[in-house]
Amino acid sequence: PSQRFAGKRVFVSGGSQGIGEAISLAFAREGARVAINGRKKEKLDALLPRLAKVAAGPHIACAGDVSDETAVTEAIDKAFQDLGGLDILVCNAGIQIKSPSEAISLADFEKVLSVNVTGVMLCVREVLKHWVRNGTKGNIVVDSSVHQIIPKPAFLGYSASKGAIGNMVRTWALEYASRGIRVNAVAPGAIVTPINDSWIHDPEKYKAVSEHIPMRRPGQPDEIAEPTLFLASDQASYITGQTLFIDGGMTLYADFEKNWA
Ligand code: NAD
């Protein structure tokens, strides 16, 4: 693999499994030192040897719930201290809770927003504080979703949160462009990760999901990791404020494939 990120330091929230894990491993492969975040320290500690096997690092664990302000401040400060700074932030942590909208509890709605919106805001704010102070031309990639634009019935908080991320990314991009800080999002379609345990282990449901994707298959975590690295790399040096949809064609109004006219 190329060493595009040699000498770079990357913080990945929710980095212990799924897309975040693939992103962490991909950055390590290309020479970066990685600070992985997640709620459970044991899970992060288990991933560290795998990261070290890919590339020496040293890589570090920065445990903390992204929806907890103090925990985020401590996790980001630890990364800056232990790695001597940060060059790239990947806000990947995200959750969803299913409920028909007429019955959604306030607690569930607020929980999704606290992780997917407030959690992203807190990580970005803490990193920006350092970058503005030090004049660092840093780089941020946020994990959005096709549900930034496709409605997701019975997942109201999730739809709201990913819609919000699109505009937060555009706002930060504009606010910090003159300082050389770029901010973009990736918006995955259906990807084979634990968040989709409800269908990935059930052959019938897997087939049903595959059939409504124009490319007829879900994506793999590495297919999100690679475009994430691209956006964070110098190859994307003039791209900011964008959301890159990575979805096998899901956002192409798939129904029109049948040529109704
Ligand atoms: P996942 O559930 O496998 O992983 C999510 C990660 O976030 C886990 O490591 C989890 O521990 C961490 N996390 C959750 N809450 C946290 C918190 N409060 N603080 C810190 N870490 C926390 O999911 P995934 O599929 O890898 O999803 C990653 C991101 O990609 C999410 O933002 C998700 O919305 C988005 N996404 C996923 C898909 C998909 O099909 N898998 C599609 C679109 C968008």
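1. The structure is a predicted model, in which local features need pLDDT of at least 70 and side-chain atom pairs count only at pLDDT 80 or more, while totals for chains, interfaces and linings use all residues. Residues are numbered from 1 along each chain as its sequence is written, and side-chain values use heavy atoms, with hydrogens and water left out.

2. Helices (H or I, at least four residues) and strands (E, at least two) are DSSP runs, numbered from the N terminus.

3. Oxygen atoms of the ligand lie 2.8 Å from a polar side-chain atom of Gln-17 and 3.3 Å from a polar backbone atom of Gly-14. A backbone N or O atom of Ile-19 is 2.8 Å from an oxygen atom of the ligand. The protein buries 94% of the 820 Å² that the ligand exposes when taken alone, with areas computed by the Shrake-Rupley method and a 1.4 Å probe.

4. Strand S6 (residues 182-188) is largely enclosed by the rest of the structure, because 7 of its 7 residues are buried, that is, under 20% relative accessible area (1.4 Å probe, protein chains only). In a regular strand, side chains alternate between the two faces of the sheet. On one side of S6 the buried residues are Arg-182, Asn-184, Val-186 and Pro-188, and on the other they are Val-183, Ala-185 and Ala-187.

5. S6 pairs in the parallel sense with strand S5 (residues 139-143) over 5 bridges; two strands pair if DSSP finds at least two bridges between them. Val-141 has Asn-184 of S6 as its bridge partner. The chain passes from S5 through H5 to S6 in a right-handed β-α-β crossover, meaning that the path runs clockwise when the strands point away from the viewer. S6 also runs parallel to strand S7 (residues 243-246), to which 4 bridges join it, and Val-186 stands opposite Leu-244 in S7.

6. Leu-229 belongs to helix H8 (residues 221-232) and is buried, with a relative accessible area of 0%. Its C-alpha atom is separated by 9.9 Å from that of Ile-88, 141 residues apart along the chain.

Definitions and conventions. A polar contact is a pair of N or O atoms within 3.5 Å; within protein, one must be able to donate a hydrogen and the other to accept it, and residues adjacent in sequence count only if both atoms are side-chain atoms. Buried means under 20% relative accessible area, exposed over 50%, partly exposed in between (1.4 Å probe, protein chains only).
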